[in-house]
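Thank you all for coming; I would like to walk you slowly through one model today.

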Amino acid sequence: MFKLKTLALATATAGIIALSPMTAFADDGDTSRQLSEARQEGSVVTAIALNRHLNPFKIDVEVENGTAVLTGEVESDVDRDLAEQVAMSVDGVQKVDNQLTVDVDAERNEHNDKSMSQRFDNATTTASVKSRLLWNSNTEGLDINVTTMNGVVTLEGTAQSEEAKELAERLAANTDGVRDVENNITVNANATAAAKAQNTADEAGEAISDAWITSKVKSTFLFSSNLDGLDITVETENGQVTLSGTVDSAAEKELAVETARNIRGVKDVNASALNVAG
């Protein structure tokens, strides 16, 4: 499963997911849970980052099944208890596993407006890449961890094939805010079985809703460095996506169609009403 483990998940995580509200459907329970946990992790990290007593410390956060796990170092028991209370105050967090250690010489981060802005930019990029991987029908079942540092995205984990590995890299590279991608994904035969099992479970569930598909196609366009800002309208009926509007080139039109087609639940894409300017 995808995991969000570091302070690279700041305020933007909650904002990104809020851009594309999830519609509940039976065959996407696991993905919905992952995104919900990502939102909760982002909310905990945001609360810590905005707390002047806690933001100097390096505190890692991971949420799983309603439990927030805190790791890192703080200077005092008061800081440790405060971090636990801050995490417990986040909606959806039912329990806190406080593994923070107390060290009077705990390393402090020097924060300024620029460094805080960079952390939030990293968070935005991480959340965008993870969302695109989760929503893509060819990568959503993969075990991939995403981290971002100064616009460089690092992908780690396993994929079922070289093609899936390369697709994950292309999706990341085409995400707004990404300067470069370090693809450390390994190809593993076990990943093939896991992905097939996930796909079988998906196909056995109820149809993904048209509203969910429309939302994810729009959001994926928004996250794309090549499609953001284009005049594209998205409509979905019975799994068929219709794109209309205007793009600047045939290449942009082709990319929009390919991007929409690869969203989970999409059966076909009609782009006859998507015009190329000039």
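Predicted model: local features only at pLDDT ≥ 70, side-chain atom pairs only at ≥ 80, totals over all residues.

Let us begin with V234, which stands opposite L243 in β9. The strands β8 and β9 pair in the antiparallel sense over seven bridges, where two strands count as paired if DSSP finds at least two bridges between them. When I say strand or helix, I mean a DSSP run, E with at least two residues for strands and H or I with at least four for helices, numbered from the N terminus.

Residues are numbered from 1 along each chain as its sequence is written, and side-chain values use heavy atoms, with hydrogens and water left out.

Now, the sheet itself. It is an open sheet of three strands in the order β8-β9-β10, with mixed pairing. Because β8 and β10 stand at the edges with a single partner strand each, one side of each is left without a neighbour in the sheet. From one strand to the next, the twist averages 15 degrees, with axes being lines fitted to C-alpha atoms, for helices over the stretch in contact, and angles running from 0 to 180 degrees between N-to-C directions.

On the other pairing, β9 and β10 run parallel and are joined by seven bridges, and the bridge partner of G245 is L274 in β10. The chain goes from β9 through α8 to β10, and this β-α-β crossover is right-handed, meaning that, with the strands pointing away from the viewer, the path from the first strand over the helix to the second runs clockwise.

What lies inside? The largest nonpolar core has 23 residues, of which F221, I232, V241 and L243 touch the most other members. Such a core is a set of buried Ala, Val, Leu, Ile, Met, Phe, Trp, Tyr and Cys residues joined through side-chain atoms within 4.5 Å, and buried means under 20% relative accessible area, with exposed over 50% and partly exposed in between, using a 1.4 Å probe and protein chains only. The helix α7 gives the most to this core, with five residues. A second, separate core of 19 residues includes L54, L70, V74 and V96.

Which aromatic rings pair up, and how are they arranged? A search of the whole structure finds one aromatic pair, formed by W135 and F223, and it is stacked, at 5.9 Å centre to centre and 15 degrees between the planes. For the cut-offs, rings of Phe, Tyr and Trp (its six-membered ring) pair if their centres lie within 6.5 Å, and planes under 30 degrees apart count as stacked, over 60 as edge-to-face and the rest as tilted. Since W135 lies in helix α4 and F223 in helix α7, the pair ties together parts that are 88 residues apart in sequence. W135 is buried at 2% relative accessible area, and F223 is buried too, at 3%.

Finally, a word on backbone angles. Most residues other than glycine have a negative phi. N238, in the loop between β8 and β9, has a positive phi near 55 degrees, and N238 is exposed, with a relative accessible area of 57%.
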